[in-house]
Amino acid sequence: LHKSGAVVDLDAVTVIADPVAPAAITNLAATSGPSTGSVLLSWTAPGDDGATGTATSYLVRYSTAAISSDSAWNAATPVTTGIPAPLIAGSAQSMTVSGLTPGTAYFFAVRAVDDEGNSASLSNSPSAIAALPSALNPGIYNDNNAAIIYTGTWNNYSATGPYAGTLRYSQTLGNTVTFAVNGAMFRLTYTNNPDRGTAEIYVDGVLYATLDQYGSVLTWQRVWTSGNLGAGTHIVRILHKSGAVVDLDAVTVIA
């Protein structure tokens with residue numbers, strides 16, 4: 001009915017055959033994955049119309065903060081590979097998200113999409129730590145051990161002075177090094193020098209200590225030793241917090 005005004009028009013009519021979106025996933029679970037830098041996700045397929053039928057696709061995103069709102073979802077990073085095709089409602093689904101920074105905690109969310117492009121509401125948003133290499137057992141490990149993961153640019157230094165003749169150093173604030181230890185205590189070997197700054201040491205995700213590497217003269221193979229953390233595996237992350245340079249020379253794990 002043309003009710004008022006000079007003109008009204010109609011260009012086209014679209015009939016939406018499926019106005020019902022898939023149900024939200026409420027049991028998304030996340031655990032450290034099977035390979036370094038990976039997380040395993042699992043959930044129950046929600047269906048195409050609510051909890052009935054089979055959805056068309058999934059959208060998966062991750063962030064270092066909880067994905068608990070549409071704005072957080074929009075800001076999160078989309079996963080582009082390894083997403084499974086939806087199964088019939090009620091089926092168990094899983095996938096591995098790879099390429100993450102080992103030792104970092106990530107939050108995830110999943111949405112199902114139907115054949116009309118209807119997207120489900122946000123799932124719950126669990127978190128997990130991207131898998132580290134195998135934990136370092138009691139012993140001493142040089143800076144270039146494959147189980148020690150560097151994030152950002154850490155330069156190699158090779159000469160007489162450091163343990164085993166090598167160390168790694170960072171010149172960028174925020175760079176991190178992460179590893180897991182299987183022991184009650186650990187020791188860091190580092191260098192004192194006038195250009196050295198501070199490194200924050202996190203244990204199992206909590207700030208444990210701040211290591212000041214500054215020294216008025218160059219001194220190789222300085223050591224810092226943790227307190228007793230209790231038996232078992234602990235995740236250690238070292239953050240370049242301040243100053244021009246911080247370094248890591250070696251890691252010693254103590255039973």
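## The largest pocket

A pocket here is an open set of grid points with protein on both sides within 12 Å along at least five of seven lines. In this predicted model, the largest pocket has a volume of about 220 Å³.

## Overall build

Let's step back to the whole chain. The protein has 19 strands and one helix. Its C-alpha trace spans about 90 × 45 × 25 Å along the principal axes. How does the radius of gyration relate to what a compact globule of 255 residues would have? Such a globule would be near 18 Å, but the protein has 25 Å.

Take the contacts between residues at least 6 apart in sequence: 70% of them join residues at least 24 apart.

## Surface and interior

How much of the protein is buried? Buried residues account for 44% of the 255 residues.

## Two residues with positive phi

Two backbone positions are worth a look while you have the structure open. D204 is not a glycine, yet its phi is positive, at about 55 degrees. Where does D204 sit? Its place is in the loop between β14 (198–203) and β15 (206–212). D204 counts as partly exposed because its relative accessibility is 43%, and the partly exposed class runs between the 20% limit for buried and the 50% limit for exposed.

The other position is Q221, also a residue other than glycine, with a positive phi near 55 degrees. Q221 is found in a strand, β16, made up of residues 219–225. Why is Q221 classed as partly exposed? Its relative accessible area is 40%, so Q221 falls in that class.

Definitions and conventions. Residues are numbered from 1 along each chain as its sequence is written. This is a predicted model: local features need pLDDT of at least 70, side-chain atom pairs count only at pLDDT 80 or more; totals for chains, interfaces and linings use all residues. Side-chain values use heavy atoms; hydrogens and water are left out. On a 1 Å grid over the protein atoms alone, a cavity is a set of points where a 1.4 Å probe fits but cannot get out, and a pocket is an open set with protein on both sides within 12 Å along at least five of seven lines; lining residues have an atom within 4 Å of a point. Grid points are joined across faces, edges and corners, and a volume is the space filled by probe spheres set on the points. Helices (H or I, at least four residues) and strands (E, at least two) are DSSP runs, numbered from the N terminus. The radius of gyration is taken over C-alpha atoms; the globule rule is 2.2 Å times the number of residues to the power 0.38. Buried means under 20% relative accessible area, exposed over 50%, partly exposed in between (1.4 Å probe, protein chains only). Contact means heavy atoms within 4.5 Å.
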